[in-house]
Amino acid sequence: MPTTTPSPTYAPPPSSGLSVSVGQVEAGLGHRASVLTLTNRDSEPRKVTGYPDLKILAGDGSPLDVKVLHETSYFAPDPGPRDLTVQPGGTVLSVLAWSATVTSGDKHTGAAISVIPVPGEAAQTQPLDTDLGTTDTVELSAWATEIGH
């Protein structure tokens with residue numbers, strides 16, 4: 001009897017609270033990046049500080065052993081953690097970047113990401129193909145009002 005491997009469950013972004021959406025993967029010179037957009041779908045302003053809590057997930061939904069560095073990447077500077085107020089309908093951005101470099105060892109690929117936008121919020125899982133090569137490392141910028149600021 002064949003067995004099936006469970007896969008991550010992708011729900012649409014929440015229609016209330018803080019909602020995370022994932023942009024398409026941009027590529028350049030062996031580097032990759034995707035912009036995470038956090039939208040305040042509440043009727044009141046929300047405070048957002050620091051970095052999203054992010055995990056790279058395998059095709060079966062299990063977290064991969066990937067180091068998440070809070071730093072500037074090839075695609076975007078890291079403005080560092082700041083206190084931001086996101087108005088209803090407003091957004092803030094974070095850039096997730098990685099290198100597809102292959103040196104020695106096994107290549108790893110993620111199928112999704114799990115993001116907790118701010119402490120106390122539920123994790124949101126979205127599909128995102130990440131060809132991590134053999135680096136097993138990603139860079140993540142802090143939430144900001146625009147990329148580079």
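Rings of Phe, Tyr and Trp (its six-membered ring) pair if their centres lie within 6.5 Å, with planes under 30 degrees apart counted as stacked, over 60 as edge-to-face and the rest as tilted. By this rule there is one aromatic pair, formed by Tyr74 and Phe75, which is edge-to-face with 5.2 Å centre to centre and 80° between the planes. This is a predicted model, in which local features need pLDDT of at least 70 and side-chain atom pairs count only at pLDDT 80 or more, while totals for chains, interfaces and linings use all residues. Residues are numbered from 1 along each chain as its sequence is written, and side-chain values use heavy atoms, with hydrogens and water left out.

Turning to charged side chains, the structure holds three salt bridges, a salt bridge being a side-chain nitrogen of Lys or Arg within 4 Å of a carboxyl oxygen of Asp or Glu. One of them joins Arg32 and Asp131 at 3.2 Å, N to O, and this pair links distant parts of the chain, since Arg32 belongs to strand β3 (residues 31-40) and Asp131 to strand β10, 99 residues apart; strands (E, at least two residues) are DSSP runs, numbered from the N terminus.

Asp42, Arg46 and Glu121 are linked in a network of salt bridges.

Conventions. Helices (H or I, at least four residues) and strands (E, at least two) are DSSP runs, numbered from the N terminus.
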